[in-house]
Amino acid sequence: MAEPPDEAVRDTPTEAADPAPEPSINDLAAYLHARADEIGALIAQRYRDDIVEYRSLPDGFIDQDVAPTAGANLETMLESLIDDSELATEQKSRFAPRYTTFRDSAVRRFRQGVPMQALLHAYRLWGHTVWEEVQNAPQIQANPQLGLVVAGKIMRHVDLVSTAVAEAYLDEASGVIRDREAVRRDLLEALISGDAPPDRIDRLSRHFGIPVDVRHAVVLVRRRQLSSSSPEVLREALEATRAHLQPIKAGFLTGLRDEEIVAVYPLGEDRRHNETLRAQSDALAASSPGFIVGVSRSHTGLNSVADAYLEAQDALLSAPTTGARRAYFYADAMLDHIVRSSPFKTALYEEAIAPLQRYDDEHHAELLPTLRAFCASGFNLSNAAKALIVQPNTVRYRLKRIHEVTGHDPFVPDELILLALALRVI
């Protein structure tokens, strides 16, 4: 007969595993963010299927304009899911920066002949589609109570965005936006001229909420080949500028001036703002092959915009007609001025450039383009190889050959500086 189990063992309770934590709004936002492209494509397809006026837009417009706007709407909604305080602030002003993309899209729809009913239908359809995706999310399946909270946030977001685009649409229809553009151009002209009365600058800057003591840089966008540009091309360039330049600080001012786009870009004291400006300016240049982008040094006070504008012009003049599509900063122009005014300019050319040109001509080689690509890539072998469409080892071999031909080693810092300066002679 089997012995009874040990009493100590029998009476010891079994430890229960800790229950898994319930999914949070942050978990849901991360899940939706990971599927943003898929959701954006679904929304674009529903626009095609359900809205007649959207199907009549030019070829490619749904994918290149409408779908990206829907994606931006989703990203903005995800931000508001996580940050309630930010949403509360936005409720006080539907013209806050986060709604600029949607207001601009409303203006474009007006110009494309899309009626307001169709525009608002699109935003309602966007809300329905996003809510369906939220309902099917595993986080909601695991925590249904979370769905009630999110539903309210989505409805508030759709209401705010719909109101913002409706007001922008009506403003454009009544000419208010064109009047505002005229005031913006007046302020830009007053700042660039440098001789406008201070009280006029103060009045106009208050109109756009720009502090007169703002620290800023001026960004200029101009066609690579100066010629008569159509208004539509310039308008598209202006929209691209506003889409890519997204300063952290308030007080951003952009507008058309003759055949160039002028932007007064606000900067904070944190140096990361300068890094953000460089990254955004480079992205703008990369997306606008027909245009060049010049950026001034940072200045303090609106009374220094005229000086910054001249620096941005100098930066544009330093940009080559061909080559890497990046923004050109005043520092580039300063180096050009230093090299071209130097008594050693001829010596630099004879020491570094002339031998490479002769070698390339005699051997059908590409040492000079390789040196230029290596410097333009920030002295990165892999990026230079991508620009030249060769292997990194090929770039390394050519750099060693440059050492043999010129006597200057690109892998020695001081000698690389000499080679890089010599490139600015030509």
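Biologist: I want to learn to read this structure. Is I62 buried or exposed?

Modeller: Remember that this is a predicted model. Look at relative accessible area, where under 20% counts as buried. I62 comes out at 8%, so it is buried. The residue lies in helix 5, residues 61–82.

Biologist: What is I62 in contact with, leaving aside its neighbours within four places in sequence?

Modeller: Contacts show what surrounds a side chain in the fold. With those neighbours set aside, the partners of I62 are A44, R48, Y54, A67 and P68. I62 and Y47 are 15 residues apart along the chain, and their C-alpha atoms are separated by 8.2 Å.

Biologist: Let me step back to the whole chain. How many helices and strands does it have?

Modeller: Start with the secondary structure count. The protein chain has 21 helices and six strands. Then ask about burial: 44% of its 426 residues count as buried. Contacts between residues 24 or more positions apart make up 67% of those with a separation of 6 or more.

Biologist: How far apart are the end C-alpha atoms of helix 15, and what should its residues span?

Modeller: Helix 15 covers residues 305–317, which is 13 residues. At 1.5 Å a residue they should span 18 Å, and the end C-alpha atoms are 18 Å apart, so the two values agree. Helix 13 passes the same kind of check: its 14 residues should span 20 Å, and its ends are 20 Å apart, which agrees.

Biologist: Which residues of helix 15 are buried?

Modeller: Read off the list by position. In helix 15 the buried residues are V305, A306, A308, Y309, E311, A312, A315 and L316. For helix 13 the list runs L234, A237, L238, A240, T241 and R242.

Biologist: Pick one from helix 15. What does A308 touch, not counting residues up to four places away in sequence?

Modeller: A308 is found in helix 15. Its relative accessible area is 0%, so it is buried. Beyond those excluded places, A308 touches H216, V218, S296 and H299. Check V218 by distance too: the C-alpha atoms of A308 and V218 are separated by 5.7 Å, although the two residues are 90 apart along the chain.

Biologist: Now helix packing. At what angle do helix 17 and helix 21 pack?

Modeller: Read the angle together with the axis distance. Helix 17 (residues 345–363) and helix 21 (residues 413–423) pack at about 105°, and their axes are 9 Å apart. An angle of 65 to 115 degrees counts as roughly perpendicular, so helix 17 is roughly perpendicular to helix 21. On the helix 17 side, the contact is made by L348, A352 and I353. Helix 21 contributes L418, L419, L421, A422 and L423. By class, that contact has eight nonpolar residues, no polar ones and no charged ones.

Biologist: Next, rings. How many aromatic pairs does a search of the whole structure find?

Modeller: The search finds two. One is F252 with Y265. To classify a pair, take the angle between the ring planes; over 60 degrees counts as edge-to-face. The ring centres of F252 and Y265 are 6.0 Å apart and the planes are at 75°, so this pair is edge-to-face. F252 sits in the loop between helix 13 (231–244) and strand 2 (253–257), while Y265 is in strand 3 (residues 260–267). The pair links distant parts of the chain, 13 residues apart. F252 is partly exposed, at 26% relative accessible area. Y265 is buried, at 1%.

Biologist: And the loop residue G268: which residues is it in contact with, leaving aside its neighbours within four places in sequence?

Modeller: Locate it, then check burial, then contacts. G268 is in the loop between strand 3 and helix 14 (272–287). With a relative accessible area of 6%, G268 is buried. Its contacts, with those neighbours left aside, are R215, K249 and H273.

Biologist: Last, backbone angles. What is the phi of H364?

Modeller: Look for a positive phi in residues other than glycine. H364 has one of about 50°. H364 lies in the loop between helix 17 and helix 18 (367–376), and is exposed at 73%. I389 has a positive phi too, of about 60°. I389 is in the loop between helix 19 (381–388) and helix 20 (392–406), and is exposed at 75%.

Terms used. Residues numbered from 1 in each chain as written. Predicted model: local features only at pLDDT ≥ 70, side-chain atom pairs only at ≥ 80, totals over all residues. Heavy atoms only, no water. Axes fitted to C-alpha atoms, helices over the stretch in contact; angles between N-to-C directions. Helix = DSSP H or I, 4+ residues; strand = E, 2+ residues; numbered from the N terminus. Parallel < 35°, antiparallel > 145°, perpendicular 65-115°, else oblique. Contact = heavy atoms within 4.5 Å. Nonpolar A, V, L, I, M, F, W, Y, C, P; charged D, E, K, R; others polar. Expected span 1.5 Å × (residues − 1). Buried < 20%, exposed > 50% of the residue type's maximum accessible area, 1.4 Å probe, protein only. Phe/Tyr/Trp six-rings, centres within 6.5 Å; stacked < 30°, edge-to-face > 60°.
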